[in-house]
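This briefing covers salt bridges, surface and overall fold, in that order. The chain is shown first.

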Amino acid sequence: MLIFWGGVVTVVVLLLRRPHPGEGPAAQRPPHHDAERILNERFARGEIDEQEFTARRAALRRQD
């Protein structure tokens, strides 16, 4: 009986410690990708013009 409950507790702990989708090393992206995504969204909404968009994108890509 002790082995059974030990197995149940082990399975529960392993399930709780498992990385969830969107977490962990595979989900981590360099910060400039988020910045470029935001920049693309601002350009798509018309908040910035093409000249400002290209200048800011070039600045972001220079930081790599």
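In this predicted model, Arg61 and Glu36 form a salt bridge through their side chains, with an N to O distance of 3.2 Å. Arg61 belongs to helix 3 and Glu36 to helix 2 (residues 31-45), so the pair ties together parts that are 25 residues apart in sequence. The structure holds five salt bridges.

- Glu36 counts as buried because its relative accessibility is 14%, under the 20% limit.
- Arg61 has a relative accessibility of 47% and therefore counts as partly exposed.

- Arg56 and Glu52 form a salt bridge whose closest N and O atoms are 2.7 Å apart.
- Both Arg56 and Glu52 lie in helix 3, at a spacing of four residues, about one turn of the helix.
- The side chains of Glu52 and Arg56 are also joined by a polar contact of 2.7 Å.
- Arg56 counts as partly exposed because its relative accessibility is 41%.
- Glu52, at 28% relative accessibility, is likewise partly exposed.
- Helix 3, which holds Glu52, spans residues 50-62.
- Glu52 and Leu39 are 13 residues apart along the chain, and their C-alpha atoms are separated by 9.9 Å.

**Salt-bridge network**
- A network of salt bridges links Arg42, Arg45 and Glu47.
- Arg45 counts as exposed because its relative accessibility is 52%, and exposed means over 50%.
- Glu47, at 46% relative accessibility, counts as partly exposed.

**Nonpolar surface**
- Met1, Phe4, Trp5, Val8, Val12 and Leu16 make a nonpolar surface patch of about 690 Å².
- Trp5, one of the patch residues, sits in helix 1 (residues 2-17).
- Trp5 has a relative accessibility of 48%, so this residue counts as partly exposed.

**Whole chain**
- The secondary structure consists of three helices and zero strands, giving the order α-α-α from the N terminus on.
- The chain has 64 residues, of which 9% count as buried.

Definitions and conventions:
Residues numbered from 1 in each chain as written. Predicted model: local features only at pLDDT ≥ 70, side-chain atom pairs only at ≥ 80, totals over all residues. Heavy atoms only, no water. Helix = DSSP H or I, 4+ residues; strand = E, 2+ residues; numbered from the N terminus. Buried < 20%, exposed > 50% of the residue type's maximum accessible area, 1.4 Å probe, protein only. Polar contact = N/O pair within 3.5 Å; in protein donor to acceptor, adjacent residues only side chain to side chain. Patch = residues over 30% accessible without salt bridge, like charges linked within 9 Å, V, L, I, M, F, W, Y side chains within 5 Å. Areas by Shrake-Rupley, 256 points an atom, 1.4 Å probe, with all protein chains shown as cover. Salt bridge = Lys/Arg side-chain N within 4 Å of Asp/Glu carboxyl O.
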